[in-house]
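Reader: I would like to go through this model feature by feature. Please give the general idea each time, and then the case at hand.

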Amino acid sequence: MTVLARKIRLIMKLRKSGITDTAVLAAIERVPREVFIPPMFHDQAYEDTALPIGRGQTISQPLVVASMTQELRVNDRHKVLEIGTGSGYQAAILAKLCRRVYSIERHRPLLETAEKRLTDLRVRNTTCKAADGMKGWIEQAPFDRIIVTAAASAEPPQPLLDQLSVGGILIIPMGRDKSSQFIYRITRQEEDYHCEQLMPVRFVPLLPHVARDAPEPVQDEQADPFLLSAPFAFQG
Ligand code: SAH
């Protein structure tokens, strides 16, 4: 099957699974996912599955990227903060839909690779840094939208709530273990925050501090067979 045929099959699957936002579908169609994954997995670039990207981390499943992006309700006037740059794929998708993306990653080597990919693809409206994203990006706050692509255990980090504009939306996976994680949409209102539980997901954990530049944890990548094989399906 050609790359184009695989891509069309994926887009059809996303539509069937509840992705109706044509701007989101167009962004997924236009960003080459194979650029964001290691060469050994290139044949799976348009499968609806998460894939290892090194440092024990993963590029999320396309349906999860599409759903979270759709639920973020982003437009071209928005300034968006992403926590967990990872491969840079979600940042590249957001860059097609909003004014500017600020993205934070705690693994410096992943961040450097992601930045190079974004430069090579001539994505010009992203700014990335290696830091602890749980603290947000105070110099650039407030943000119209914040998306966290790693799972918090119980509550959203307070700095992220503080750095959201009034009317702004935070999309964050939360849950103590992988079998009980959900995506939440938190909307900042004048006086308080409104929280909605969306779909079940499985994400790597949101961890504090910048990671040490230790050797590649190759074993960890293989630790979760779920992430390598069975794609997680949900009906949106
Ligand atoms: N959005 C990514 C998915 C990456 S997986 C993509 O499109 O490929 C989640 C990422 O969150 C991992 O790279 C992990 O290192 C990062 N992460 C976890 N906790 C973090 C934190 N506190 N600050 C910044 N990045 C974090």
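Reader: Which residues come nearest to the ligand?

Author: A residue is near a molecule if one of its heavy atoms lies within 4 Å of it. There are 27 residues around the ligand, and G84, S87, E105, G133 and L207 come nearest. This is a predicted model, in which local features need pLDDT of at least 70 and side-chain atom pairs count only at pLDDT 80 or more, while totals for chains, interfaces and linings use all residues. Residues are numbered from 1 along each chain as its sequence is written, and side-chain values use heavy atoms, with hydrogens and water left out.

Reader: What polar atoms lie by the oxygen and nitrogen atoms of the ligand?

Author: A polar contact is a pair of N or O atoms within 3.5 Å; within protein, one must be able to donate a hydrogen and the other to accept it, and residues adjacent in sequence count only if both atoms are side-chain atoms. Here a polar side-chain atom of S87 is 2.6 Å from a ligand oxygen atom, and a side-chain N or O atom of E105 is also 2.6 Å from an oxygen atom of the ligand. G133 uses a backbone N or O atom, 2.8 Å from a nitrogen atom of the ligand. The ligand taken alone exposes 580 Å², of which the protein buries 99%; the areas come from the Shrake-Rupley method with a 1.4 Å probe.

Reader: Which elements supply the shell around the ligand, and what classes of residue does the shell have?

Author: Helices (H or I, at least four residues) and strands (E, at least two) are DSSP runs, numbered from the N terminus. Strand 2 (57-59), strand 3 (79-83), helix 4 (89-97) and strand 4 (100-105) each supply at least two residues of the shell. Strand 2 gives the largest share, three residues. By class, 12 residues of the shell are nonpolar, 11 polar and four charged. Ala, Val, Leu, Ile, Met, Phe, Trp, Tyr, Cys and Pro count as nonpolar, Asp, Glu, Lys and Arg as charged, and the others, Gly among them, as polar.

Reader: How many aromatic pairs does the structure hold?

Author: A pair of aromatic rings is described by the distance of the centres and the angle of the planes. Rings of Phe, Tyr and Trp (its six-membered ring) pair if their centres lie within 6.5 Å; planes under 30 degrees apart count as stacked, over 60 as edge-to-face and the rest as tilted. The structure holds three such pairs. In one of them, the ring centres of Y102 and W137 are 5.3 Å apart and the planes are at 75°, so the pair is edge-to-face. Y102 lies in strand 4 and W137 in the loop between strand 5 (126-130) and strand 6 (143-148), so this pair ties together parts 35 residues apart in sequence. Y102 and F143 also form an edge-to-face pair, with 5.9 Å between centres and 65° between planes. Y102, W137 and F143 form one aromatic cluster.

Reader: Is F143 buried or exposed?

Author: Buried means under 20% relative accessible area, exposed over 50%, and partly exposed in between (1.4 Å probe, protein chains only). F143 is buried, at 0%. Y102 at 9% and W137 at 8% are buried as well.

Reader: Where is the cis peptide bond?

Author: Most residues other than glycine have a negative phi, and most peptide bonds are trans. The bond from A141 to P142 is cis, with omega near 0°.
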